[in-house]
Amino acid sequence: MRVRFAPSPTGYLHVGGARTAIYNELLRQSLGGCHILRIEDTDKARSDEAMTSQIVAALRWIGVEWDEGPVLQSAGLERHRAAARQLLAEGKAYHDFVPPAEVEARRQEAQRKKENFRYKDCFAPPPKAEVERRLEAGEPYAVRFRMPEEPIVVRDLVRGEVTFGREHLDDLIILRSDGTPTYHMSVVCDDVAMAITHVIRGEDHLSNTPKHVALFRAFGAPVPAFGHLPLILGPGKKRLSKRTGATSVEEFRARGILPQALYNYLALLGWSPGDGREIMSREEMIAAFTVERLGSSAAVFDHDKLAWMNAQYMSRLPLPEILAHLQPFVDRLGLGGVDGERLAGAVDLHRTRAKTLEELAGFLVPYFQDSLEYDREACARFLAQEDLPDHLEALIGRLRRLPSFDADSIEAALRGLADERGLKAGVLIHPTRMALTASKAGPSLFELVAAMGQSATLRHLANFVRFLRSAPTAGP
RNA sequence: GUCCCCAUCGUCUAGCCAGGUCAGGACUCCAGCCUUUCAAGCUGGCAACACGGGUUCGAAUCCCGUUGGGGACACCA
């Protein structure tokens, strides 16, 4: 069993492409065999070396593995050209001297008349003598493959039998007038050369498949099994576009999605193990994967569900792994050289409260910032309590003298103080949380204080008391 | 326009191939529990077989049509 993932380097790796790669990998891993990464860079004008390395990097990041490659399709150009010449020599292809503009004109005319257009119905291949004469004269020509006059049936792994009537099969160009092979030529040549047994690709290739099947047959090569995956759609079942959110793997990475989460989410968009499992490791997916369970209808990309899945991975993955993925986001906030142990403690405390790494990194800022900005409106109820600064100063005193700065001791100190002063613990808890994080919401206060550490806690508390005193009480 | 593909809660889906269960799960949303807040977690709730014909004792499931959505119709890949 030999499969390949064959992206064209004309842009960033799209989530649809990533999913195709994932299914290819899953198939290969579950059945054993070889997974080849082949870059379809036949079109020099639209191909970009930077994009190739970009795609390879994105694939590595999301965790797709392959056995061979990346192989550049352009490296086989001479071989593809020779194969086309061979078809020409065997009479399976012919010289086409018709200028592209003329074909185009006929095509548009047919369109206008709402008629089915076929090249072969409009232009007959010239007789041998004429071909030789025009060749001699140095006229430019393309090489066109002769499509067999019979319907072609594709046995698709996800769709079953698909029949293409012969009246819709047209001769196609396999060698351009500049001598370069076209996509269809190169794909089939390489699939033959690589002995590909299963072609798993996007549904946009389904209508190309009869051309490929005919080419395989012309080469006398075994026709691989095909599986055409439905496309990924955007909201409203419209084409997925950047307008409605990220579409490339790179964007999700930049937004703080974990590779495991994106892999898992994409794998489940069009495939299911059938037993209701959703959060699955790559190994579990490999064990459960079969092409029979691939869905045949297009799926709408749901950013909310991806966010949920990402949150699941953020709270479940081993802490060091989260830390590694979080590093770039931490660096971006200028927290690069910060105390690693404190950082890890804070991350562990906040990981169940964020949907993305970006958001998680944001929670870390108060731990390492000298002073915080407090929002007057959010602090209104604290500003209204005249004796609060005094209580907080007492709390500062207790916390300063604490021999061990752990959550239990902190809790005992705070509750003890509240009892002595006849206060409910919440009267101290809520303003303290605000003081430390400039936010009403957050982790359990005692754990928060412990993770914050003694010096930052005292500093923030003192700043907050100053804020409460400096700001005149607002409102009635 | 022509050809091809697809059609179960708003979304992802199980069930379909080998017709017979209150059509199951997940995300979102809502409510409750937990609780010092917010998350997480737990419990419960709202919500679907596109439509019309057949076949059959019986259809989400098989067949045909309609509608809707998507893809392809290049000397792009």
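Guide: Welcome! Helices (H or I, at least four residues) and strands (E, at least two) are DSSP runs, numbered from the N terminus. Arg433, for example, has its place in helix H19 (residues 425–437). This is a predicted model, in which local features need pLDDT of at least 70 and side-chain atom pairs count only at pLDDT 80 or more, while totals for chains, interfaces and linings use all residues. Residues are numbered from 1 along each chain as its sequence is written, chains are lettered from A and ligands numbered from 1 in the order in which they are written, and side-chain values use heavy atoms, with hydrogens and water left out.

Visitor: Why is helix H1 called roughly perpendicular to helix H10?

Guide: The axes of H1 (residues 15–31) and H10 (residues 259–268) come within 9 Å and cross at roughly 85°. Axes are lines fitted to C-alpha atoms, for helices over the stretch in contact, and angles run from 0 to 180 degrees between N-to-C directions. Under 35 degrees counts as roughly parallel, over 145 as roughly antiparallel, 65 to 115 as roughly perpendicular and the rest as oblique, so H1 is roughly perpendicular to H10. In contact (heavy atoms within 4.5 Å) are Val15, Ala18, Arg19, Ile22, Tyr23, Glu25 and Leu26 of H1 with Tyr263, Leu266 and Ala267 of H10.

Visitor: What angle lies between helices H3 and H7?

Guide: H3 (residues 77–89) and H7 (residues 183–193) pack at about 100°, with axes 10 Å apart, so they too are roughly perpendicular to each other. Arg79, His80, Ala83, Ala84 and Leu87 of H3 meet Met185, Ser186, Cys189, Asp190 and Ala193 of H7.

Visitor: What makes helix H20 largely enclosed by the rest of the structure?

Guide: Buried means under 20% relative accessible area, exposed over 50%, and partly exposed in between (1.4 Å probe, protein chains only). Six of the eight residues of H20 (residues 445–452) are buried, so this helix counts as largely enclosed. They are Leu445, Phe446, Leu448, Val449, Ala451 and Met452, and they pack against H14, H15, H18, H19 and H21. Gly453, with a positive phi near 90°, follows H20.

Visitor: How do you know that Arg433 has no salt bridge?

Guide: A salt bridge is a side-chain nitrogen of Lys or Arg within 4 Å of a carboxyl oxygen of Asp or Glu. Lys and Arg count as positive and Asp and Glu as negative, with His and the chain ends not counted. For the buried Arg433, the nearest side chain of opposite charge is Glu447, 9.5 Å away. Beyond its neighbours within four places in sequence, Arg433 is in contact with residues including Leu445 and Leu448.

Visitor: How many salt bridges does a search of the whole structure find?

Guide: There are 28 salt bridges. In one of them, the closest N and O atoms of Lys120 and Glu149 are 2.8 Å apart. Lys120 lies in helix H5 and Glu149 in the loop between strands E5 and E6, so this pair ties together parts 29 residues apart in sequence. Lys120 and Glu149 also belong to a network of salt bridges with Arg118, Asp121 and Asp171.

Visitor: Why is Asp390 called partly exposed?

Guide: Asp390 counts as partly exposed because its relative accessibility is 40%. Asp390 forms a salt bridge with Arg421, at 2.9 Å between the closest N and O atoms. This pair links helix H17 with helix H18, 31 residues apart. Arg421, at 35%, is partly exposed as well.
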